[in-house]
Amino acid sequence: MNSSKTKSVIWVVLMDKKKQKITAGREPDQVTAAELRDACCRKLRISQDGAQAFSIWICSPLLQLQLKPSHYPTALCDLWYDLLAQFATVTEAQAKSDLPIIMLMRNVFFPLSQEKMIVQRDLKLDTTLQQRPCLTS
């Protein structure tokens with residue numbers, strides 16, 4: 001039995017368009033959105049409390065979906081064409097040429113009152129949360 005684990009890489013785009021390389025100890029389609037968010041936040045030196053203000057999203061110019069912590073981002077990217085058909089009004093040609101990216105962005109379900117309390121303790125978090133993605137086709 002081979003004792004060395006194969007390391008998989010998942011690229012996550014941050015709100016400022018910088019890419020974050022996340023190395024997983026298992027296949028990418030077995031990494032949850034919560035694990036990916038936590039790994040990104042550790043690299044950005046954001047506290048566990050602060051990490052709750054973020055979520056993993058799958059985004060393209062045609063559709064943006066915030067994932068639940070239990071979702072598997074890379075597996076959902078493989079189903080992107082089906083997701084577009086279900087949640088977007090696009091032509092077949094548009095759907096076939098659309099490519100999703102995995103992003104770390106603000107968690108829209110996180111209470112603003114809690115976000116403000118966390119930001120008061122961590123000014124870096126304030127800067128990170130204020131950055132907005134700019135998706136263009």
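Predicted model: local features only at pLDDT ≥ 70, side-chain atom pairs only at ≥ 80, totals over all residues.
Which residues are buried in α1?

**View 1. The buried residues of α1.** Ala33, Ala34, Leu36, Arg37, Ala39, Cys40 and Cys41 are buried in this helix. The helix spans 33–43. Cover for these buried residues comes from elements that include β1, β2, α2 (48–51), β3, α3 and β5. After α1 comes Arg45, with a positive phi near 60°.

**View 2. The largest nonpolar core.** This core holds 38 residues. Val12, Leu36, Phe54, Ile56, Trp80, Ile102 and Leu104 touch the most other members. At least two core residues come from each of β1 (8–13), β2 (19–24), α1 (33–43), β3 (54–59), α3 (73–78), α4 (80–87) and β5 (101–106).

**View 3. Contacts of Leu104.** Neighbours within four places in sequence are left aside here. Leu104 is then in contact with Val12, Val13, Leu14 and Met15 among others. Its partners also include Arg37, Cys40, Cys41 and Leu44. Phe54, Ser55 and Ile56 are in contact with Leu104 too.

**View 4. The whole protein, for orientation.** Seven helices and five strands make up its elements. Their order from the N terminus is β-β-α-α-β-β-α-α-α-β-α-α. Of the 137 residues, 42% are buried. Among contacts with a separation of 6 or more, 58% join residues 24 or more positions apart. The accessible surface is about 8700 Å², and carbon and sulfur atoms account for 53% of that surface.

Key. Residues numbered from 1 in each chain as written. Heavy atoms only, no water. Core = buried A, V, L, I, M, F, W, Y, C linked by side-chain atoms within 4.5 Å. Buried < 20%, exposed > 50% of the residue type's maximum accessible area, 1.4 Å probe, protein only. Helix = DSSP H or I, 4+ residues; strand = E, 2+ residues; numbered from the N terminus. Contact = heavy atoms within 4.5 Å. Areas by Shrake-Rupley, 256 points an atom, 1.4 Å probe, with all protein chains shown as cover.
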